[in-house]
Structure formats: C-alpha cells, structure tokens
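Take a moment to look over the chain before reading on.

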Amino acid sequence: MQKTVLVTGSSRGIGKEIAVRFAKEGYNVVVNYCSHETEAIRTVNLLNTLGGPFRIDNVAAIKADVSDRGQ
C-alpha cells in the first residue's frame, strides 16, 4: 500500500524540499498552499517529473489555510 503525505506550505522553501524528499521515497504527495498558487503548481510539476526509482503515482495541490479549521 502506497502512503500519502500532506506537506503544509510545500509550494516553496523548506516545505517544497520536504515534499521532494517524500516523493523520492515513493509517497503520494499533497502540496498544500495558501497564497502561492503558481509556486504550488511548479512544485507539482517538479514532483511529476521524478522518474525511475522515484516514480510516484499521485501528486495534487490543495489550497487551504491550515490555521482555519473550516478549510
């Protein structure tokens, strides 16, 4: 069973690097962002280009403010 990870703030910076690391370990990755949609899409595209032993099945970008319980 392939595991899925949600990485908050993963559109750029440290969060992006964490998302890349999980993708390289074979996890499905949910890229969470609040206000940097373009960067989130770039991160998703980057993760989707990982091939060979780093192939993952699912990557998604989700816009949500994790400090807002309703989102």
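**A walk through the fold**

Helices (H or I, at least four residues) and strands (E, at least two) are DSSP runs, numbered from the N terminus.

A word on the source. This is a predicted model, in which local features need pLDDT of at least 70, side-chain atom pairs count only at pLDDT 80 or more, and totals for chains, interfaces and linings use all residues. Residues are numbered from 1 along each chain as its sequence is written, and side-chain values use heavy atoms, with hydrogens and water left out.

Now the overall plan. The protein has 2 helices and 3 strands. From the N terminus on, they run β-α-β-α-β. Of the 71 residues, 32% count as buried. Contact means heavy atoms within 4.5 Å. Among contacts with a separation of 6 or more, 59% join residues 24 or more positions apart.

Start with the sheet. Strands of a sheet pair through backbone hydrogen bonds, either parallel or antiparallel. Which sense is found here? The pairing is parallel, and the 3 strands form an open sheet in the order β1-β2-β3. β1 (4-7) and β3 (59-63) stand at the edges with a single partner strand each, so one side of each has no neighbour in the sheet. From one strand to the next, the twist averages 20 degrees. Two strands count as paired if DSSP finds at least two bridges between them. β1 and β2 (residues 28-33) pair over 4 bridges. In one of these, Val7 has Val31 in β2 as its bridge partner.

Next, see how the helices lie on the sheet. Helix α1 (residues 13-24) lies across β1 and β2, running at about 175 degrees to β1. Helix α2 (residues 37-49) packs on the sheet and touches β2 and β3. The direction of α2 makes about 170 degrees with that of β2. For such angles, axes are lines fitted to C-alpha atoms, for helices over the stretch in contact, and values run from 0 to 180 degrees between N-to-C directions.

Return to α1. This helix has 12 residues and reaches 17 Å from its first C-alpha to its last, close to the 16 Å expected at 1.5 Å a residue. The expected span is 1.5 Å times one less than the number of residues. Which residues of α1 are buried? They are Gly15, Ala19, Val20 and Ala23. These cover an arc of only 140 degrees around the axis, which puts them on the same side of α1. The arc is that of the directions from the helix axis to the C-beta atoms. The buried residues of α1 pack against β1, β2 and α2. Just after α1, Gly26 takes a positive phi of about 95 degrees.

Helix α2 can be read in the same way. Its 13 residues should span 18 Å at 1.5 Å a residue, and the end C-alpha atoms are 19 Å apart, which agrees. The buried residues of α2 are Ala40, Thr43, Val44 and Leu47. They cover an arc of only 100 degrees around the axis, so they sit on the same side of α2. What covers them includes α1, β2 and β3. On the other side of α2, Arg42 and Thr49 are exposed.

Now zoom in on single residues. Ser10 is in the loop between β1 and α1. Is Ser10 buried or exposed? Ser10 is buried, with a relative accessible area of 0%. A polar atom of its side chain lies 2.7 Å from the backbone oxygen of Val7. Not counting residues up to four places away in sequence, Ser10 touches Gly15, Lys16, Ala19, Val30, Val31, Asn32 and Thr43.

Finish in the segment after β3. Ala64 is found there, and is buried at 11% relative accessible area. Leaving aside neighbours within four places in sequence, Ala64 is in contact with Asn32, Tyr33, Cys34 and Gln71. Ala64 and Ser35 are 29 residues apart in sequence and 8.7 Å apart in space, C-alpha to C-alpha. Asp68 also has its place in this segment. At 36% relative accessibility, Asp68 counts as partly exposed.

Technical notes
Buried means under 20% relative accessible area, exposed over 50%, partly exposed in between (1.4 Å probe, protein chains only). A polar contact is a pair of N or O atoms within 3.5 Å; within protein, one must be able to donate a hydrogen and the other to accept it, and residues adjacent in sequence count only if both atoms are side-chain atoms.
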